[in-house]
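Biologist: I would like to learn how to read helix packing and aromatic pairs in a model of this kind. Could we take the features in turn, with the general idea before the particular case?

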Amino acid sequence: MRLFGYRLLTLAADYVGGHGHKPELLASARLVGEEYGTETARLRLSLEEATQAFIFFRNSLVEGLQGAKSSDNSPSAVYRKWQQVNAVTDEVLNGIIRAYQKTNVGVAGEPTGEAEQFALLRTLE
């Protein structure tokens with residue numbers, strides 16, 4: 001999970017710093033989220049637990065942004081950086097959710113594939 005945090009930090013720094021093509025960086029952020037989501041689903045973490053871990057990483061990233069030195073610390077420049085970090089982290093979160101949808105892991109970390117859903121419906125009849 002430490003690697004996830006490092007990759008997220010690197011992507012955000014590249015995006016905010018104007019290094020690389022922004023659409024490609026956002027696509028990479030989405031892939032990082034999908035990889036993280038796939039791994040946390042494999043570990044049987046619920047989507048809520050995976051989201052809580054993501055929020056921790058995101059908050060650390062935003063706190064790091066506050067301490068970053070910049071030649072322009074005007075409110076508009078800080079707001080632009082905030083928007084850019086949000087763009088990256090939004091894509092990561094979308095990737096996490098997409099991975100959970102693909103792996104069919106539900107809110108409580110339980111499988112929710114069609115067979116399980118059908119079996120549940122049959123018990124309710």
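Biologist: How are H2 and H4 oriented to each other, oblique or otherwise?

Modeller: Please keep in mind throughout that this is a predicted model. As a general idea, two packed helices are described by the angle between their axes and the distance between the axes. Here helix H2 (residues 22–42) packs with H4 at an angle of about 40°, the axes being 6 Å apart. H2 and H4 are therefore oblique to each other, since angles under 35 degrees would count as roughly parallel and those of 65 to 115 as roughly perpendicular. The crossing in which H2 passes H4 is right-handed.

Biologist: Which residues of H2 and H4 meet?

Modeller: On the H2 side they include Leu26, Ala29, Arg30, Gly33, Tyr36 and Gly37, and on the H4 side they include Val88, Glu91, Val92, Gly95, Ile96 and Ala99. Taken as a whole, the residues of the contact of H2 with H4 divide into 10 nonpolar, 7 polar and 6 charged.

Biologist: At what angle do the axes of helix H1 and helix H4 cross?

Modeller: The axes of H1 (residues 2–17) and H4 (residues 75–103) cross at roughly 135° and come within 9 Å. That makes H1 oblique to H4, because an angle has to be over 145 degrees to count as roughly antiparallel. H1 passes H4 in a crossing that is right-handed. Phe4, Leu8, Leu11, Ala12, Tyr15 and Val16 make the contact from H1, while the residues contributed by H4 include Gln84, Val85, Val88 and Val92. The residues in this contact of H1 with H4 divide into 10 nonpolar, 2 polar and 1 charged.

Biologist: How many aromatic pairs does a search of the whole structure find?

Modeller: In general, a pair of aromatic rings is described by the distance of the centres and the angle of the planes. The search of the whole structure finds 1 aromatic pair, formed by Phe56 and Phe57, with 6.0 Å centre to centre and 65° between the planes, which is an edge-to-face arrangement.

Biologist: Is Phe56 buried or exposed?

Modeller: Phe56 has a relative accessible area of 56% and is therefore exposed, the cut-off for that being over 50%.

Biologist: What pattern does the chain follow along the sequence?

Modeller: The pattern is α-α-α-α-α, with 5 helices and 0 strands in the chain. Of its 125 residues, 30% count as buried. Among the chain's contacts between residues at least 6 apart in sequence, 75% join residues at least 24 apart.

How values were computed. Residues numbered from 1 in each chain as written. Predicted model: local features only at pLDDT ≥ 70, side-chain atom pairs only at ≥ 80, totals over all residues. Heavy atoms only, no water. Axes fitted to C-alpha atoms, helices over the stretch in contact; angles between N-to-C directions. Helix = DSSP H or I, 4+ residues; strand = E, 2+ residues; numbered from the N terminus. Left-handed = near helix turned anticlockwise from the far one by under 90°. Contact = heavy atoms within 4.5 Å. Nonpolar A, V, L, I, M, F, W, Y, C, P; charged D, E, K, R; others polar. Phe/Tyr/Trp six-rings, centres within 6.5 Å; stacked < 30°, edge-to-face > 60°. Buried < 20%, exposed > 50% of the residue type's maximum accessible area, 1.4 Å probe, protein only.
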